[in-house]
Amino acid sequence: MGLSRPRTLRCVLQEMKATLTPAAQAYLNRALREGAPRPPSTPGPSDLSIGPLPRRSQQTPHAFTVSRLHEPQPVSFQIAPWKYLYTLTLHTLHAHTLVSCPDTKWRDLLPPLEGEQPRWASLYSTLVPRSVGDISWRLLHGAVSTGVFLTRFTPIPDTCPFCNMRETLAHVYLECARLQPLFRLLMNILLCFWLHFSPHLFIYTLPIYGPTKSQDLLVNLLLALAKTAIYKTREGRLANEASCDCRSIFRSSVHSRIQAEFLWAASTDSLNAFEERWALSEVLCSVTPSGSLHLTL
Ligand SMILES: [Zn+2]
């Protein structure tokens, strides 16, 4: 009220009280003595549960559907996490499309071996930059441009810009002859980790767990950088850029990353952690006794 003196405030309240009717004064005195009477309690909203609509019989779910709501259970609407409500809304709106689609187009192009499955969670990790992981994720979904796809909508030919073969998804990322030097390099690197490079490993990536976690993270980063090199050199060739050697681009990106990590480790006095992460078996690099970086890739 902007009043600095309690006496003034008391006088104002007394004058206001004097203007009240006897009934209002009695109510005020009782409220001051006993507390404000509470309004009668009203019943709250009844419990609501929310869940997906039952599927119609003509909808045949794919064996490996992209829908994550395989066997959804109704949950209480009042306490349902917002992520569940978001997923539920999204999947309800697109239920028919989601349950009839496979999770990845590569199940037909490169059928997983027994016990194998796409490692979606391995596409992103602390080592893999977001943009690099996004390309691997799009590739696994088959959501990357190819000549065969683009020729439906644009005047771009459906042939590979490197070898003039028909440019399918498998051709761009597995079969084109220009990829062979890159794949040979990856094969040699992975052999040093006692791993066998294969198209399945390249596309579906490596699960990350157990005592080989550090190595798995590093291998998955290399695979992701290789895919990015293929993606970027193809884009570069279409844009008539000079450097379209995916093996060179891959090596440059690995070198740049290691050098950046080394400089950071040297400035923060954490070379031991650097060696544990990047100099495994000295496959990619090593640190000399004098503390210098030696690239071995
Ligand atoms: Zn080609």
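A strand here is a DSSP run of type E with at least two residues, numbered from the N terminus. Serine 49 sits in one of these, strand E1, which covers residues 49-50. Keep in mind that the model is a predicted one.

Let's zoom out for a moment. The protein has 13 helices and 4 strands. Of its 297 residues, 20% are buried. Take the contacts between residues at least 6 apart in sequence: 57% of them join residues at least 24 apart.

Back to serine 49. Is it buried or exposed? Serine 49 counts as exposed because it has 11 C-beta neighbours inside 10 Å, and the cut-off for exposed is 12 or fewer. Its C-alpha atom is 5.1 Å from that of phenylalanine 77, a residue 28 places away along the chain.

In soluble globular proteins, nonpolar side chains tend to be buried together. The largest nonpolar core in this model has 39 residues, and Leu222, Leu225, Ala226, Ala229, Ile230 and Phe250 are the ones that touch the most other members. Seven helices each supply at least two residues of this core: H6 (130-141), H8 (169-175), H9 (180-192), H10 (199-204), H11 (213-238), H12 (246-267) and H13 (271-278). Which helix gives the most? That's H11, with 11 residues.

| Residue | In contact with |
|---|---|
| Serine 49 | Pro74, Val75, Ser76 and Phe77 |
| Isoleucine 230 | Val172, Tyr173, Leu179 and Cys246 |

Definitions and conventions. Residues numbered from 1 in each chain as written. Predicted model: local features only at pLDDT ≥ 70, side-chain atom pairs only at ≥ 80, totals over all residues. Core = buried A, V, L, I, M, F, W, Y, C linked by C-beta atoms within 7 Å. Contact = placed C-beta atoms within 7 Å. Lists of a residue's contacts leave out its neighbours within four places in sequence.
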